[in-house]
Amino acid sequence: MAVFTGAGVAIVTPFKENREVDYEKFAKLIEDQIAGGTDAIIVCGTTGESSTLTHEEHLDVIKYCVEKVAGRIPVIAGTGSNCTETAVYLSTEAEKFGVNGLLLVSPYYNKATQNGLYQHYKTIADSVKIPCILYNVPSRTGCNIAPETVVRLCKDVENIVGVKEASDNISQIVRLMSLADGKVDLYSGNDNQIVPLLALGAKGVISVLSNVAPRQTHDICAKFFEGDVAGSCQEQLRAIPLCNALFCEVNPIPVKKALNLMGKGAGTLRMPLTEMEEENAVRLEKAMKDYGIL
């Protein structure tokens, strides 16, 4: 049984002007997502600026999200780290709060061999009882999880259930699914590749786009699963200019700008992330208007 099927939002963490977490705005973002049909909330991922949260903030945000969602949809917590011990700590604490699953980014900067990745992930998964989803994003981590390693982990470790694939390498993902033997729940990590990965058997997407277009992102998946592949494809293609604008600067700079343009109060960013360049902000605003969300 998949942790979730459909569109999961990689939700932003809103900050006040003094860069403290803005829990009042966070509550409103959560409610907007649930009202918009989002199928799951992924908290404290890349889009949630987890890399600049203290451990205490990280866990507080996860706990708050679980309490606010109150079981209405699944909550998956980003608890990965390039330090295995830290990832175990965050993961075991998040499990106590009642999250439905964990999203575990591959070790960054220090990297690892494929055997090191296997041991890293197995150690984390063995420390908890809840499902774990691997997160492969080599453009950020400098470390690629090979298809063979993903499949080995999903087959050997009972609660490692799948992978969020953001490698951009469709050939690698095809190889992964050819080896998977039904043991790997695949999620697209790129909003511009939802339909292609659904066609390969993906369960859904972990989405940045869903922050600003939850219903539309949900519908891309729902239409596909209902058999309306043409309708799903049409929605995917219609969203491409907005997807491109949302990634014209490093995530989550554009999506926070987009939410602020919508009056959602996502607030500021934490350094080293900085406010969007004016030229790109104009491009983003136009794409949002063309898409019909502004």
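Strands are DSSP runs of E, at least two residues long, numbered from the N terminus. The model shown in these views is predicted.

**View 1. Threonine 47 sits in a loop between strand E2 and helix H2.**
Strand E2 covers residues 40-43. Threonine 47 has a relative accessible area of 3%, so threonine 47 is buried. Its side chain makes a polar contact of 3.0 Å with the side chain of asparagine 251. Leaving aside residues up to four places away in sequence, threonine 47 touches several others, among them Ala10, Ile11, Val12 and Thr13. Val208, Asn211, Pro252 and Val255 are also among the residues touched by threonine 47.

**View 2. Tyrosine 23 and tyrosine 64 form a tilted ring pair.**
The whole structure holds 4 aromatic pairs. In this pair, the ring centres are 4.8 Å apart. The planes meet at 55 degrees, so the pair counts as tilted. Tyrosine 23 belongs to helix H1 (residues 23-35), and tyrosine 64 to helix H2 (residues 55-69). The pair therefore ties together parts that are 41 residues apart in sequence.

**View 3. Tyr23, Phe26 and Tyr64 make up one aromatic cluster.**
Are tyrosine 23 and tyrosine 64 buried or partly exposed? Tyrosine 23 has 25% relative accessibility and counts as partly exposed. Tyrosine 64, at 18%, counts as buried. The cut-off explains this: buried means under 20%.

**View 4. The charged end of arginine 152 sits over the ring of tyrosine 118.**
That charged end of arginine 152 is 3.5 Å from the ring centre.

**View 5. The charged end of lysine 164 sits over the ring of tyrosine 135.**
Here the distance from the charged end of lysine 164 to the ring centre is 4.1 Å.

Notes. Residues numbered from 1 in each chain as written. Predicted model: local features only at pLDDT ≥ 70, side-chain atom pairs only at ≥ 80, totals over all residues. Heavy atoms only, no water. Phe/Tyr/Trp six-rings, centres within 6.5 Å; stacked < 30°, edge-to-face > 60°. Helix = DSSP H or I, 4+ residues; strand = E, 2+ residues; numbered from the N terminus. Buried < 20%, exposed > 50% of the residue type's maximum accessible area, 1.4 Å probe, protein only. Lys NZ or Arg CZ within 6 Å of the ring centre and 35° of its normal. Polar contact = N/O pair within 3.5 Å; in protein donor to acceptor, adjacent residues only side chain to side chain. Contact = heavy atoms within 4.5 Å.
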